Amino acid sequence: MVRPAIMRPAMARPVQAVRFYSEKPVEEAKSEEKPEAEETKTEEDGGLAEWETKYQAKDKEAAQLKDQLLRSIADFRNLQETTKREVQNARDYALQKFAKDLLESVDNFDRALSIIPEEKRNSETELANLYEGVKMVQAIFEKTLAKHGLEKMDPLGEKFDPNIHEATFEVPQPDKEPGTIFHVQQPGFSLNNRVLRAPKVGVVKGSE
């Protein structure tokens, strides 16, 4: 008896893993990735340039504001100095006008003292006391004026200076140096070291 052939199942063959490779070369693939990197770098550079531009603009604006501030401070200080000078000039002018009005009273002391001759001051007690009293009042009055900057100028024996003295006459004197003030016809006055009224003087004339 013939046995039928037994059909054996076919044995499964092992499946091999298949790798798919890109047909493009590696360098070409890298070249495709590079534009994206360059695009990112360009965006970063563009942002940095924008910030740098803004910084330069702000820096320039700050420099301009600083310059304006310094100019404003300088103008304000100049205004302060100008105002200070104007106020001082106004005070000096007001005091100068008042001082000129006082000069006539000061001159009257000299006139009153010159009326009493020296011989009568030595011989008559009442006139001597009057003379000393008037002279004392004159000294106190001139001292008070000096406290406020009004000082008497009596340049007897000084060198003549046309800037502060007024020569009324010249006389040659052999025993004195030419240009020396030997006589004070009228005393002068200065206010805060500036000549308010020049003294009228006689000057020694030089030899021609």
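Q: Let me start with one residue. Where is His165 found?

A: Begin with the secondary structure. Helices (H or I, at least four residues) and strands (E, at least two) are DSSP runs, numbered from the N terminus. In this structure, His165 sits in the loop between strand S1 (150–153) and S2. The model is a predicted one, where local features need pLDDT of at least 70 and side-chain atom pairs count only at pLDDT 80 or more, while totals for chains, interfaces and linings use all residues. Residues are numbered from 1 along each chain as its sequence is written, and side-chain values use heavy atoms, with hydrogens and water left out.

Q: Is His165 buried or exposed?

A: Burial is read from relative accessible area: buried means under 20%, exposed over 50%, and partly exposed in between (1.4 Å probe, protein chains only). His165 has a value of 6%, so it counts as buried.

Q: Which residues is His165 in contact with, leaving aside its neighbours within four places in sequence?

A: Contact means heavy atoms within 4.5 Å. With those neighbours left out, His165 touches Pro155, Glu158, Lys159, Phe160, Ile181, Ala198, Pro199 and Val201.

Q: How do I read strand pairing, and in which sense do S2 and S6 pair?

A: Two strands pair if DSSP finds at least two bridges between them. Strands S2 (residues 166–172) and S6 (residues 200–205) are parallel, with 6 bridges. Strand S3 (residues 181–186) also joins S6, here antiparallel and through 4 bridges.

Q: Which residue of S6 stands opposite Phe169?

A: Phe169 faces Gly202. Gly202 is also the bridge partner of His183.

Q: Now for charges. How many salt bridges does a search of the whole structure find?

A: A salt bridge is a side-chain nitrogen of Lys or Arg within 4 Å of a carboxyl oxygen of Asp or Glu. The search finds 9 of them. One of these links the side chains of Lys54 and Glu50, at 3.6 Å from N to O. Both residues lie in helix H1 (residues 26–115), 4 residues apart, about one turn of the helix. Lys54 is partly exposed at 43%, and Glu50 is partly exposed at 45%. Another salt bridge joins Arg111 and Glu104, at 3.5 Å from N to O.

Q: Which residue forms a salt bridge with Asp110?

A: The partner is Lys152, with the closest N and O atoms 3.5 Å apart. This pair links distant parts of the chain, since Asp110 is in helix H1 and Lys152 is in strand S1, 42 residues apart. Asp110 is partly exposed at 25%, as is Lys152 at 33%.

Q: How many aromatic pairs does the structure hold?

A: Rings of Phe, Tyr and Trp (its six-membered ring) pair if their centres lie within 6.5 Å; planes under 30 degrees apart count as stacked, over 60 as edge-to-face and the rest as tilted. There are 2 such pairs here. Phe109 and Phe141 make a tilted pair, 5.8 Å centre to centre with 40° between the planes. It links Phe109 in helix H1 to Phe141 in helix H3 (residues 125–147), 32 residues apart. Phe109 is buried at 18%, whereas Phe141 is partly exposed at 25%. Phe169 and Phe182 make an edge-to-face pair, 5.8 Å centre to centre with 80° between the planes. Phe169 is in strand S2 and Phe182 in strand S3, so this pair ties together parts 13 residues apart in sequence.

Q: Last one: which residues make up the largest nonpolar core?

A: In soluble globular proteins, nonpolar side chains tend to be buried together. A nonpolar core is a set of buried Ala, Val, Leu, Ile, Met, Phe, Trp, Tyr and Cys residues joined through side-chain atoms within 4.5 Å. The largest one has 9 residues: Ala99, Leu102, Leu103, Val106, Leu145, Leu150, Phe189, Leu191 and Leu196. H1 and strand S4 (188–191) are the elements that give two or more residues to this core, and H1 has the largest share, 4 residues. Beyond its neighbours within four places in sequence, Leu191 has contacts including Leu95, Ala99, Leu150 and Leu196.
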